[in-house]
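Look over the sequence and the model, then read on.

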Amino acid sequence: MYSVGEEFERLVEDDMEYLTCIANVNIGDREYLICENENGTKRVFDAGGREEEIELVEEEEADEVLEVWEDEYYG
């Protein structure tokens, strides 16, 4: 999994985005990466255990993860 501060690029919605990992969050038995692109947009990935296999989560799930992160981890 990527560590906080690591940068990588990933194809998101047919566009190459340059992302910076800003948080690793565990919710239940799932691991997520919260990343930010160069425009400040946050993206949430399911980190199934290997960097090569991270997958962008759907918007509804991403909103839930961001809410947990903001409430319990960030603020």
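A salt bridge here is a side-chain nitrogen of Lys or Arg within 4 Å of a carboxyl oxygen of Asp or Glu. By this rule the structure has four salt bridges. The model is predicted: local features need pLDDT of at least 70, side-chain atom pairs count only at pLDDT 80 or more, and totals for chains, interfaces and linings use all residues. Residues are numbered from 1 along each chain as its sequence is written, and side-chain values use heavy atoms, with hydrogens and water left out.

**Salt bridges**

- Lys42 pairs with Glu36, with the closest N and O atoms 3.4 Å apart.
- Lys42 is partly exposed at 33% relative accessibility, and Glu36 is partly exposed at 27%. (Buried means under 20% relative accessible area, exposed over 50%, partly exposed in between, with a 1.4 Å probe and protein chains only.)
- Glu17 forms a salt bridge with Arg43, and their closest N and O atoms are 2.7 Å apart. This pair links distant parts of the chain: Glu17 lies in strand β2 (residues 15-27) and Arg43 in strand β4, 26 residues apart. (Strands are DSSP runs of E, at least two residues; helices are runs of H or I, at least four; both are numbered from the N terminus.)
- Glu17 is buried at 8% relative accessible area, and Arg43 is buried at 15%.
- Glu61 forms a salt bridge with Arg30, the closest N and O atoms being 3.2 Å apart. Here helix α1, which holds Glu61, is linked to strand β3 (residues 30-37), which holds Arg30; the two residues are 31 apart.
- Arg30, Asp46 and Glu61 are linked in a network of salt bridges.

**Cysteines**

- There are zero disulfides, a disulfide being a pair of cysteine sulfur atoms within 2.5 Å.
- Cys21 is buried, at 1% relative accessibility. Cys35 is buried too, at 0% relative accessible area.

**Largest pocket**

- The largest pocket has a volume of about 180 Å³. (A pocket is an open set of points on a 1 Å grid over the protein atoms alone where a 1.4 Å probe fits, with protein on both sides within 12 Å along at least five of seven lines; lining residues have an atom within 4 Å of a point. The volume is the space filled by probe spheres set on the points, which are joined across faces, edges and corners.)
- Its lining includes Glu13, Lys42, Arg43 and Asp63.
- Helix α1 gives the largest share of the lining, four residues.
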